[in-house]
Structure formats: C-alpha cells, structure tokens
Amino acid sequence: MTKDKKELAVAALRNGTVIDHIPSDALFKVVDLLDIKSLTGSVTIGFNLDSALMGKKGIIKIADVTYPESTLNRIALIAPHAVINVIKDYEVVEKHRVTLPDELIDIVKCNNPKCISNNEPMHTHFHVVDRDNTVLRCHYCECLVTKDEVTLKSVSYTHLTLPTNR
C-alpha cells in the first residue's frame, strides 16, 4: 500500500442511511433518538473521528433503514449541521444537510410548566426564530427554548426498512 492510499475503517453499505458530520458531543443523543438498540440490521458508529471541518465528528451507518422527515427534523435540533446520505446499491442516491422547518409540531416539549401544551391533551407547536443558534418559540405561551434547553417529546421509533437485495 502506498502512502497516498487510504482505506475505509468500516465496510460500505449496500442500502441504508449514513448520518455524517455529527458533533461528537451530540453523537450519542442522536443514537438514542434513533433507538438504534432496537434495530436488527448492522449499525456502525464512529466517535471522535478526525474531520477537517469540525476537528472531531461522529458518524452513524445504518443498514437497510431510511428515515422520514419527522425524524430528520429531530436530528436537526441536536445536530443542525448533520448530513444525511441515502445509499442504494452502494451508491449515494440522496445527500442533504438536515434543516429545521419553520414550525415544529409535536416534536419539542415546552419548558414552561404553566403552558397549555403541558396541561391539556394537545400537540406542542414551536416556531423557529433563529436557525443558526437553534432558538424556538412556543406558539401558545411564547416561551423561548434554546438548543441546550430542548427536550424532545418521546415518540415511537420511526424508520422505514428498505427491501434487501441479498
């Protein structure tokens, strides 16, 4: 092997999802959010990997699974610069950075204990007021919630299993 040649630390995915450019301090929050422990397919988690852009980063490779937009919106709250790669037949068929939508419905819990959303059976509703710093405003009580204060509402695990070509 020559000095210029590099090799992958993990095998390439045939089909699935790669979540890249996750800040190392947010990696295991994303792992928990995706409920990875309940998956039956292969999962590779890279922690504190060298990155020219970030210094250190995390990456998650999940075989035979793709995620709906609602799950990607949850990832955007934790890792706003993460990149999603959808893989089919070893090729990247879709690549995009996660983005926060203008509104988040039933994703974040309001931190104000007096908010109606905490006291009545209803969906939470937040407006994104600052994407760069991840600041949200509750639609009902106008309480501001920053990235470090975000509490995600619990949801059942949402993923789509891809058909396998094996």
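Me: Which strand is His-21 found in?
Reply: His-21 is found in strand E1. Strands here are DSSP runs of E with at least two residues, helices are runs of H or I with at least four residues, and both are numbered from the N terminus. This is a predicted model, where local features need pLDDT of at least 70, side-chain atom pairs count only at pLDDT 80 or more, and totals for chains, interfaces and linings use all residues. Residues are numbered from 1 along each chain as its sequence is written, and side-chain values use heavy atoms, with hydrogens and water left out.

Me: What is phi of His-21 near?
Reply: Phi of His-21 is near 60°, a positive value in a residue other than glycine.

Me: What does E1 pair with over 5 bridges?
Reply: Strand E1, residues 16-23, pairs with strand E5, residues 83-88, in the antiparallel sense. Two strands pair if DSSP finds at least two bridges between them. Gly-16 stands opposite Ile-87 in E5.

Me: And the order of the open sheet, what is it?
Reply: The order is E2-E3-E1-E5-E6, an open sheet of 5 strands with antiparallel pairing. Strand E2 (43-51) and strand E6 (91-97) are the edge strands, each pairing on one side only. From one strand to the next the twist averages 20°; axes for this are lines fitted to C-alpha atoms, and angles run from 0 to 180 degrees between N-to-C directions.

Me: Which ones are buried in H2?
Reply: The buried residues in H2 are Thr-71, Leu-72, Asn-73, Arg-74, Ile-75, Ala-76, Leu-77 and Ile-78.

Me: Where is Asp-35 placed?
Reply: Asp-35 lies in the loop between helix H1 (27-33) and E2. Phi of Asp-35 is near 50°, again a positive value in a residue other than glycine. Asp-35 is partly exposed, with a relative accessible area of 22%.

Me: Now the whole protein. How many helices and strands?
Reply: The protein has 3 helices and 13 strands. Of its 166 residues, 40% count as buried.

Me: What share of the contacts comes from residues 24 or more positions apart?
Reply: Such residues account for 61% of the contacts with a separation of 6 or more, where contact means heavy atoms within 4.5 Å.

Notes
Buried < 20%, exposed > 50% of the residue type's maximum accessible area, 1.4 Å probe, protein only.
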